[in-house]
Amino acid sequence: MSHSRPLSPHLSIYEWRITMVLSILHRVTGIFLCGGLLLLAWGLLALAASESAWTVFAGFCGSWFGCLLLLAWTFSLLLHLCNGIRHLFWDAGAGFAKSEYLTSSWVVVIASVALTVAVWMWVMLTGGAA
Amino acid sequence: MNAHAQPQDMRTPLKRVRALGSAKSGAGHWWRQRLTAVALVPLALWFVWLAVRLPHLDFASAHALVATPCNTLLLILFTATGFWHGQLGLQVVIEDYVHTRWVELVLLVAIRFLAVAGALACALAALDVWLGVY
């Protein structure tokens with residue numbers, strides 16, 4: 001069987017639009033957040049197991065790689081949350097006018113960036129990352 | 001008298017579309033995804049509120065923070081709903097992009113097993129932190 005014809009997703013034929021960027025980001029952040037859940041499971045199991053297990057977990061979270069992941073997970077969670085609320089409005093039949101979904105796109109982007117900054121400012125100001 | 005040949009299947013097309021529809025599963029997946037999404041809005045906000053305090057805590061303080069009835073209950077709800085919602089979402093991604101049938105099937109089964117195991121592990125760990133003696 002020939003695979004010369006493009007299979008979905010064939011993104012290269014479209015110009016980039018904020019709506020499609022958010023649609024893709026919703027999926028990407030959703031997949032990424034599943035990894036975040038596994039980290040949370042690790043943390044809870046470590047907390048239940050022993051202090052030394054928790055120290056290993058906290059050490060990972062405090063490393064530069066861990067911090068980078070946590071920052072990415074914070075942004076992913078907040079973007080998926082904001083955009084998810086947008087999806088729920090669509091499910092209720094609201095916000096389908098072109099001006100509305102363009103505005104809501106940018107509201108989601110600005111809100112999730114602002115909330116991520118707020119969360120990390122709060123973490124820094126209350127004692128610095130682990 | 002009906003001159004036409006006897007139909008092989010006496011069920012009307014309505015039988016085939018009712019309940020399950022052409023997708024064979026009806027709106028069940030869609031609806032569960034929305035229900036878990038609605039539940040996760042307050043749960044995720046609560047989790048952020050809890051999680052921002054954790055980086056500053058040593059083992060004993062982190063343990064004490066999680067080990068309250070309210071936080072244990074909310075953690076179990078958040079992780080169980082989260083794993084469920086994650087499984088539903090990953091299922092759609094796999095169904096959309098994995099075009100080799102057996103790989104698709106293996107992945108679909110694997111994420112279900114992982115989601116159940118993950119949710120159970122989180123629930124047991126949270127209960128242990130709450131009820132365990134340290």
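The following legends describe close-up views of a predicted model.

**View 1. The helices of chain B.** Chain B contains five helices and zero strands. Read from the N terminus, its elements follow the order α-α-α-α-α. Of the 134 residues in chain B, 21% are buried.

**View 2. The crossing of α1(A) and α5(B).** Two packed helices are described by the angle between their axes and the distance between the axes. The crossing of α1(A) with α5(B) is left-handed.

**View 3. The residues that join α1(A) to α5(B).** On α1(A), the contact is formed by A:L37, A:L38, A:L40, A:A41, A:L44, A:L45, A:L47 and A:A48. On α5(B), the partners are B:G118, B:A121, B:C122, B:A125, B:A126, B:D128 and B:V129. Sorted by class, this contact comprises 13 nonpolar residues, one polar residue and one charged residue.

**View 4. The side of chain A that touches chain B.** In total, 30 residues of chain A are in contact with 29 residues of chain B. On the chain A side, the elements that give two or more residues are α1, α2 (51-62), α3 (64-91) and α4 (98-125). The largest share, 13 residues, comes from α1(A). By class, the side of chain A that touches chain B has 22 nonpolar, five polar and three charged residues.

Methods
Residues are numbered from 1 along each chain as its sequence is written. Chains are lettered from A and ligands numbered from 1 in the order in which they are written. This is a predicted model: local features need pLDDT of at least 70, side-chain atom pairs count only at pLDDT 80 or more; totals for chains, interfaces and linings use all residues. Helices (H or I, at least four residues) and strands (E, at least two) are DSSP runs, numbered from the N terminus. A residue is buried if 20 or more other C-beta atoms lie within 10 Å of its own, exposed if 12 or fewer, and partly exposed in between; C-beta atoms are placed from the backbone. A crossing is left-handed if the near helix is turned anticlockwise from the far one by less than a right angle, and right-handed if clockwise. Two residues are in contact if their C-beta atoms, placed from the backbone, lie within 7 Å. Ala, Val, Leu, Ile, Met, Phe, Trp, Tyr, Cys and Pro count as nonpolar, Asp, Glu, Lys and Arg as charged, and the others, Gly among them, as polar.
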